[in-house]
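Please look over the structure before reading the points below.

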Amino acid sequence: MGTVAIFGAGVMGETLLSGLLRAGRPVDALVITERRPERAAELTEKYGVRVLENAEAAALADTLVLVVKPQDMESLLEEVAPHVRPGDLVVSLAAGITTSFVESRLPEGRSVVRVMPNTPALVDQGMAAVSGGAHCAPEHVAEAEALLAATGKVVEVPEKLQDAVTAISGSGPAYIFYVVEAMIEAGVVLGMPRATATELVVQTLFGAATMIKETGQHPTVLREQVTSPGGTTAAALRELDDHKVRAAFISAMEAAALRSRELAGG
Ligand SMILES: NC(=O)C1=CN([C@@H]2O[C@H](COP(=O)(O)OP(=O)(O)OC[C@H]3O[C@@H](n4cnc5c(N)ncnc54)[C@H](OP(=O)(O)O)[C@@H]3O)[C@@H](O)[C@H]2O)C=CC1
Ligand SMILES: O=C(O)[C@@H]1CCC=N1
């Protein structure tokens, strides 16, 4: 098994690191890079993982996983490019950054895979989509899939769909947390203690998600089952429609996809 280097151990970098360790990848087959010394020390303490400089990590690794913000990608690629050998695989997790952007900053012919993961990977319930670049053989895509499969589900998509993936599953957990926050707040307005409101909302979310997954029924059918004629749910849903919540979700996700397309431009 080759060495995997994770460049940038922020939220997503640490999520991937911890997932690979939980999945049984030996810690001595992993290295990370991080520019803040106190963060590097924290990660070594927590996981026993080696922290190296970017150039050192690039020279050592067979698989380079780039997990810095899109705005930091250009300078990171400048540092690692001279050390990427022909057989290495470069995996970018950055929103908006295309495989051609990464390829153009590496020596000619390097294998690049673009991935969009999400934070539920922290609890092994991640959803990631992968797309191979111009010089990728199927085994390179399979290798990236195997990395991400350590923390959840993986699908392969044509790269032109990655901005949509980013808007759906990449940013998606934040929309759900936002709805959960709003429902808890509403429970408090209705006189419920905050802790009880939180328990009710979280279990309702979990129950509804499990129903969608396990029954295979369309969400419309499941929603109609809850909506008794002339009842409470119909009254609530009419308010959501009056406030154009469905249209707001579509606009919000269009904005996320647009922002993803903008990010490669810096
Ligand atoms: N968070 C999420 O839900 C998701 C994030 N992503 C993608 O993952 C990437 C990282 O996001 P996220 O983890 O949220 O962001 P963070 O800011 O938490 O993490 C980025 C980390 O990279 C470090 N870093 C920046 N430049 C360098 C460099 N040159 N060398 C080494 N380390 C560096 C940063 O250090 P410092 O603190 O000093 O800036 C920071 O610790 C982004 O491109 C994002 O699009 C994709 C899907 C989901
Ligand atoms: O907000 C962002 O830009 C990143 C990409 C997807 C989720 N978080």
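The model is predicted.

**Domains and their contact**
- Seven residues of domain 1 and six residues of domain 2 make up the contact.
- On the side of domain 1 that touches domain 2, four residues are nonpolar and three are polar, with no charged residue.

**Annotated region**
- Residues 159-263 carry the UniProt feature "domain: Pyrroline-5-carboxylate reductase dimerisation", which comes from an unreviewed entry.

**Shell around ligand 1**
- There are 27 residues around ligand 1, and those that come nearest are Gly 8, Gly 10, Met 12, Ala 94 and Ala 95.
- Both α1 (11-22) and α4 (70-80) supply at least two residues of this shell.
- With four residues, α4 provides the largest share of the shell around ligand 1.
- By residue class, the shell around ligand 1 has 13 nonpolar, nine polar and five charged residues.

**Shell around ligand 2**
- Ala 95, Thr 166, Gly 170 and Ser 171 surround ligand 2.
- The shell around ligand 2 holds one nonpolar and three polar residues, and no charged residue.
- Ala 95 is listed among the residues nearest ligand 1 and is also one of the residues around ligand 2.

Technical notes
Residues numbered from 1 in each chain as written. Chains lettered and ligands numbered in written order. Predicted model: local features only at pLDDT ≥ 70, side-chain atom pairs only at ≥ 80, totals over all residues. UniProt positions renumbered as here; feature names shortened; annotations may be inferred. Near = placed C-beta within 6 Å. Nonpolar A, V, L, I, M, F, W, Y, C, P; charged D, E, K, R; others polar. Contact = placed C-beta atoms within 7 Å.
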